[in-house]
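Look over the sequence and structure first.

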Amino acid sequence: MFYPKKVVLVDLAYPYGKPKVYLNGSLITVAAQFMAAGNEVQILDLNLDSCGDEKVWETLATADLIGVSVIGSPYIPSVLRFARQVWKIGVPVLMGGQVIENLRPDQFSKIFSGTNAVQFHGPEDMADFPAAPEVSFIPVFEAMGKERLEVYLRHEMTLVLAQGCKYNCKFCAAKKAMREQFRCLEVFEYDLKHLAIRAKQMGIGKLEFYASSLDFFQNPLILAEYLKVLARIQKDERI
């Protein structure tokens, strides 16, 4: 029997000297998978939340699992620092992201020696969870509360379209040498329409998104269907 757990997912502070508000697409995806599997999920964004805040530590200490998305090698020093900080509360820290997944187990163990860090190896570690392309992000948006959601909607966000690249370029940290997997088109439209409606309710007249160039040169005909969704929502919601 599956017993729901309390999961706290952490978005690390921007590593280049100042906080940067940016909705982490990979973290939102994992949060949606955990929630769809019956877990209670809370997101801490260290660009907005402070490790010096007592409430932050209370949240971390009461978790069954802490998850961190390491979206680039510049985040390694800060994630190591974070792992050492939370070691004393004894909660396992699951670390994921392309950078972490590409480390050999011996490399990971050496870097994070003396911490409670656990290496995430990829989709196979979440084989029992609902598939990432099929899950809606709306429960995650609702769980974070109106004030936090509004902060994100007033800044550029990730447009989560797909995962994977058929090429195998050495310089790129994306999931490579695999067929590109797109999000379910109906779920994508449902989520985006929800954000557009919420933005209008908050008096926000424009939403800005960033999409990876990987999505545009691999499968342009499939991508065109997603662009049609964007155009339709923009027309219907006048945003």
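How much space lies in the second largest cavity? About 50 Å³. The model is predicted: local features need pLDDT of at least 70, side-chain atom pairs count only at pLDDT 80 or more, and totals for chains, interfaces and linings use all residues. Residues are numbered from 1 along each chain as its sequence is written, and side-chain values use heavy atoms, without hydrogens and water.

The structure holds two cavities of 30 Å³ or more. A cavity is a set of points, on a 1 Å grid over the protein atoms alone, where a 1.4 Å probe fits but cannot get out; lining residues have an atom within 4 Å of a point. Volume is the space filled by probe spheres set on the points, which are joined across faces, edges and corners.

Asp 11, Tyr 22, Leu 23, Asn 24, Leu 27, Ile 28, Ile 43, Asp 45 and Tyr 152 line the second largest cavity. Helix 1 and strand 2 (40-45) each give two or more of its lining residues. Helices (H or I, at least four residues) and strands (E, at least two) are DSSP runs, numbered from the N terminus.

The largest cavity has 15 lining residues. Nearest its centre lie Phe 137, Phe 141, Thr 158, Val 160 and Leu 195. Helix 1 (25-36), strand 6 (157-158) and helix 8 (185-201) each supply at least two lining residues there. Helix 8 gives the most, with four.

Methods: 1 Å grid on protein atoms, 1.4 Å probe; cavity = no way out; pocket = protein on both sides within 12 Å on 5 of 7 lines; lining within 4 Å.
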